[in-house]
Amino acid sequence: MSSSTGTTGTSTVITDIAMLVTNDPSLGSGSPRPNTFGSGGGSDLGVIRDAAVVIEGDRVVWTGESSKAPATDNRVDAGGRAVLPGFVDSHSHLVFAGDRTEEFNARMSGRGYTAGGIRTTVAATRAATDGELEANLTRFLSEALRQGTTTLETKSGYGLTVADEARALRLAAAHTDEVTYLGAHIVSPDFADDPAAYVALVTGEMLDACAPHARWIDVFCEKGAFDGDQARAILTAGKAKGLHPRIHANQLSYGPGVQLAVELDAASADHCTHLTDADVDALASGDTVATLLPGAEFSTRAEWPDARRLLDAGVTVALSTDCNPGSSFTSSVPFCIALAVRDMGMTPDEAVWSATAGGAAALRRTDVGRVAPGAYADLTFLDAPSHVHLAYRPGVPLVSQVWRRGVRVV
């Protein structure tokens, strides 16, 4: 027996799955390009056809062919749909207020994006109430969930004062476990004439106030934001407070961000658009995931990251939305999958892996991003027989059901 909000017994089997993506190579077949998806996250999709999944509580306990499924308390018919792990969106900026429609319109008319646009959102965010910020946050979380995202990281970075950064993280932590302190998004307008004093604030009083609410620390290492020495000081201070590094790296130009990420064992270097051969080699030899954010290139008409170059070098790649009001105002992982396949040289299998297991690797998680015994029962159902339809039918709302931790939530 089942209902729209979950099941009533202790175990549930979901049967008649046309194609199940497990991201566990030991459970099935999958990629036509084995051992290329990443150095640390797995080799193929572990596809099972005519499949079933058994859930107990919030975890997956069995996967296999439908005909071999064990008896359970409840049975759900997938109706011949494809099922894959819930998407893991490992990079977003959702605690904000205001709107930058005019900026986007102007940019599409020929004006390029610069880091300075962030200041517009900073002013609106500072002026917003806690209730307004939380309502905006939960609206975008719900929007992402309806599109199959079951794990989502989000950052501060639009307050840039001690109080505003701390409240952003406090609000985010009430809704997701993956919270990132990004006081170093840009130099606060209040410190425009003294960037060193702002770095001291970010690594001192602001860090003290924010660390209790966050798991990660991030910095925008880029011309117009923070240079390599400043970024190293900020991330090192965060590590001393128990926050693990991630970094906005090499988005707008070549720079030290990727090398710094590998040096500091950052979980992820995000954007990775402008890379030298040394940058690619560093990523391939370390444990830092290259998180690609095609929504940003789409929304800024910028150069696409070369995913093919990274994958062929053995780099672990994640795909994420970078949902933010300025440069990538999309919460749709399926849209980003389609962009990655069309414009970044990824195969459909690679893009799906990167949006699920790759995102999990970027968050250093093994309990999400796969459908295998021991993982959370986070599932995305598609009104399609195969995960390939995510790229094959771009823009079509294919997600028909979403289960999170064993409960149907969409």
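**Briefing on a predicted chain**

At 59% relative accessibility, Arg 301 counts as exposed, where exposed means over 50% relative accessible area, buried under 20% and partly exposed in between (1.4 Å probe, protein chains only). The model is predicted, so local features need pLDDT of at least 70 and side-chain atom pairs count only at pLDDT 80 or more, while totals for chains, interfaces and linings use all residues. Residues are numbered from 1 along each chain as its sequence is written, and side-chain values use heavy atoms, with hydrogens and water left out.

**Overall form**

- The chain holds 14 helices and 18 strands; these are DSSP runs numbered from the N terminus, with helices (H or I) of at least four residues and strands (E) of at least two.
- Along the principal axes, the C-alpha atoms fill a box of roughly 70 × 45 × 45 Å.
- Of contacts between residues at least 6 apart in sequence, 71% join residues at least 24 apart, a contact being heavy atoms within 4.5 Å.

**Surface and burial**

- Buried residues account for 59% of the 410 residues.

**Nonpolar cores**

- The largest nonpolar core has 90 residues, of which Tyr 181, Phe 226, Ile 247, Leu 310, Leu 319 and Ile 337 touch the most other members; such a core is a set of buried Ala, Val, Leu, Ile, Met, Phe, Trp, Tyr and Cys residues joined through side-chain atoms within 4.5 Å.
- Helix H4 (residues 162-173) gives the most to this core, with six residues.
- Another core, of 16 residues, lies apart from it and includes Ile 14, Val 53, Val 76 and Phe 381.
- Beyond its neighbours within four places in sequence, Leu 319 has contacts that include Val 88, Leu 292, Pro 294, Ile 337 and Met 344.

**Positive phi angles**

- Most residues other than glycine have a negative phi.
- His 271 has a positive phi, near 100°, and its place is in strand E13 (residues 268-271).
- His 271 counts as buried because its relative accessibility is 2%.
- Arg 301 also has a positive phi, of about 55°, although it is not a glycine.
- The loop between helix H10 (294-300) and helix H11 (307-312) contains Arg 301.
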